[in-house]
Amino acid sequence: MNTAATAAPDLGAAMNASIDQAPILHAVDVTKSFTQDGTPTQALKGVSLSVAPGEFVSIVGRSGSGKSTFLSVLSTLLRPDSGQLTYNGFDLTTASEADIDGLRHRDFAVIFQFHYLLPYLTALENTLLPFMRGLKPVSRAQKERARECLERVGLADKGHRLPGQLSGGEQQRVAIARALVKDAQILFADEPTGSLDSATGSTVMELLSQIHKDGLSVVMVTHNEQYASLSDRVVRMADGLVV
Amino acid sequence: MNILTIALRNSRKKWVRTLLLLLVFTLGVVSIVSLNFVSRVVGEGLEKKLVSFGANILVSPISEKLTVSYGGFALGDMLFDVNYLDERDTIARIDAIALRKNISVIAPKLVVMDRVQGMAVAIVGVRFAQEKQLKSYWDVAQGALPGEEPAPAKKAGGGMHAASTPASAHTPPPTPAPTPAPIPAETSPTGLAQAAMAPLGLPKDTYSGNGVLVGSAAAAKLNLKLGDKVPLGKTHMLVTGILAPTGSEDDNVLLADLTFVQNAVGRTGKANFLEVAALCSGCPIEDIVNQLGAALPNVEIKTLRNIVEQRMYSVHFVKRLILSVSLVILLTGCSMVGISMLSAVNERKKEIGILRSLGFSRRAVFSIFFAEAASIGLLAGVVGYLAGFAVSFRILQVLELSEGATLSFEPLHLLATAVILALLTSLASLVPAWKAAAIEPSEALVTL
Ligand SMILES: Nc1ncnc2c1ncn2[C@@H]1O[C@H](COP(=O)(O)OP(=O)(O)OP(=O)(O)O)[C@@H](O)[C@H]1O
Ligand SMILES: [Mg+2]
């Protein structure tokens, strides 16, 4: 589709979103550096990105260009050194930890290259994990919803299995079900197909674009140009900058 | 399913580790609990003795040879070298001391060594009314105290033998009642003394029959049953009651009426020693002893309390020793929990990152680890308490230590043990849980 992407608001980008809509997620001039063994690495050198509601953005770039770091900042898993980050106009750089926890719980969903399921919980229980935050027991309705999500990712009959009894693709699909279960507003995915073979990767990608079509905003990091082309807009990164 | 499910499922997955930790803590709890039980029961037994001795004072003639003893009283060589107290005179003198109001019971005793079925046994002449007051822990297993009707439930055979008193005409004895001639109808020597004590509420001792109360061990050794005849001097006694085990020297002797024994052995009005019980705990025992000493020159006056207190001290010492060992076990368990949790936190970094990315707060992550440790402690507390109860039951049975006291199961203590253990293990998990809560989701999750 449109492979020409810049940091500026992209007029041709929004397929599901109208142009005049305020961005759901807005990052301006974000920097982040790491210090390892005394030598500092500037992973992000001032990147900006706006995600419109319902938009599907891909981030591509060479290894080490700062994609994962940027996605972590966007998904609140990592605090930037400087720059601005707002979600629906709400400033995330100054938000309290409790607010961030709430956001992660309600609005944000993250999936990774590796599934990161809890090995001692069944697929269904892993899907229900977002509801197990407190002492309040999981409700019948929530269980029902988790089953629906598992069904959606094609694992209706495997809810009782432990992650170790599932294939890599199935595990990733459980992770997607877990992201779906809580009705998030925006899904972050860091190389969700990275550890899967191409056939399995395709089914996962199909799932993601379906989810996107249902109205979820998606920000995905990928190495795969073909998968990137499924998105509304592709952002290219190189050496800590959007190019 | 809630946040605790996560902790419990992980404990179940790592069942070997969980079991090991449980074992260590359970061991610690078992040893502490059973120690507590055993020492409490033993201590209670001793305490009971202490109480039953009360501020007991032993009034005895000075005797040189110390060979046989009963009730802490040295009998000397029974056949040749026994000094006697005059029962009437001694009681009268005790009755006259200034602190008389603090004295509840005066129990004179005459001890006679005799052979029953070829075995040497001590026959102790007592005033049953006083003795019963002194030994509230007495429990008559069969029959009744001489001079008393047996409890209706234990009627079998006892009824006719307690009947030395002429009142029991409803049970005619099969053989003519062996009411022997030597029993004088008058109760003269003590009668006077008791008349003097009567205002203080002392029961009048009117019994002077030939009934004998047999200690449990003596009954077993001599194979004595209710209704058996036991010879004494030219006459004989009739078994009317058998004592339940008391843990005291009473188990090994035969107890008969003092007047009867005095007459049977020709020592009318004599006693070997007198036990004096003070009314109160913490009463001026020293003063009483001093006043008795003044009233009774050339008579030995000892307190029994010292002996028991010494035994209590050794019980406390053993208790402290085992307690410190148990504490070491628990401490070891705590460091095991700490260490294993610490390595678990590193192992589970990614899990923690996932939970945080799903909106679990630091506090929630903390409580998962905390709950895991606490549940181990809780379970160990419950299992350990129950096992400790069983173990102490067995210990007391094997060592025959109970001294009449009994174990009682207390749910509140079970609860307290479980809670304390849970607190202990959660305390041990404090640092690991805090470390887990400090993990940032990005450092745990993002693959470079
Ligand atoms: N926790 C960290 N500590 C030190 N350096 C880091 C850390 N995370 C990232 N970096 C550095 O920041 C730079 C950007 O890393 P990042 O993981 O964002 O790259 P990436 O584009 O996701 O690469 P890949 O495609 O291989 O996943 C790299 O040079 C990396 O070494
Ligand atoms: Mg990466």
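Which residues in H11(B) meet which residues in H12(B)? Point 2 takes this up; the model is predicted.

1. **Chain A overall.** Chain A has seven helices and ten strands. Of its 243 residues, 54% are buried. Take the contacts in chain A between residues at least 6 apart in sequence: 72% of them join residues at least 24 apart.

2. **The H11(B)/H12(B) contact.** From H11(B) come Phe370(B), Ala373(B), Ala374(B), Gly377(B), Leu378(B), Gly381(B), Val382(B) and Tyr385(B). They meet His413(B), Leu414(B), Thr417(B), Ala418(B), Val419(B), Leu421(B), Ala422(B), Thr425(B) and Ser426(B) in H12(B). By type, the contact residues are eleven nonpolar, six polar and no charged.

3. **Geometry of that pair.** Two packed helices are described by the angle between their axes and the distance between the axes. Here H11 (residues 362-399) and H12 (residues 411-428) of chain B pack at about 145°, and their axes are 7 Å apart. The crossing of H11(B) past H12(B) is right-handed.

4. **Length check on H12(B).** H12(B) has 18 residues, which at 1.5 Å a residue should span 26 Å. Its end C-alpha atoms are 26 Å apart, so the two agree.

5. The buried residues of H12(B) are Leu414(B), Thr417(B), Ala418(B), Leu421(B), Ala422(B), Thr425(B), Ser426(B) and Ala428(B). They cover an arc of only 160° around the axis, and therefore sit on the same side of H12(B). An α-helix has 3.6 residues a turn, so residues three or four places apart point the same way. On the other side of H12(B), the exposed residues are Leu412(B), Leu415(B), Leu423(B) and Leu427(B).

6. **Length check on H4(A).** H4 of chain A runs over residues 140-152. Its 13 residues should span 18 Å at 1.5 Å a residue. The end C-alpha atoms are 18 Å apart, so this helix agrees as well.

7. Ala146(A), Cys149(A) and Leu150(A) are buried in H4(A). Viewed down the helix axis, the buried residues fall within an arc of 100°, so they line one face. Their cover includes helix H3 (123-128) and helix H5 (168-180) of chain A. The face turned away from the buried side carries exposed Arg140(A), Ala141(A) and Glu151(A).

8. **The end of H4(A).** What follows the helix? Just after H4(A), Gly154(A) takes a positive phi of about 80°.

Methods
Residues are numbered from 1 along each chain as its sequence is written. Chains are lettered from A and ligands numbered from 1 in the order in which they are written. This is a predicted model: local features need pLDDT of at least 70, side-chain atom pairs count only at pLDDT 80 or more; totals for chains, interfaces and linings use all residues. Side-chain values use heavy atoms; hydrogens and water are left out. Helices (H or I, at least four residues) and strands (E, at least two) are DSSP runs, numbered from the N terminus. The expected span of a helix is 1.5 Å times one less than its number of residues. Buried means under 20% relative accessible area, exposed over 50%, partly exposed in between (1.4 Å probe, protein chains only). The arc is that of the directions from the helix axis to the C-beta atoms. Contact means heavy atoms within 4.5 Å. Axes are lines fitted to C-alpha atoms, for helices over the stretch in contact, and angles run from 0 to 180 degrees between N-to-C directions. A crossing is left-handed if the near helix is turned anticlockwise from the far one by less than a right angle, and right-handed if clockwise. Ala, Val, Leu, Ile, Met, Phe, Trp, Tyr, Cys and Pro count as nonpolar, Asp, Glu, Lys and Arg as charged, and the others, Gly among them, as polar.
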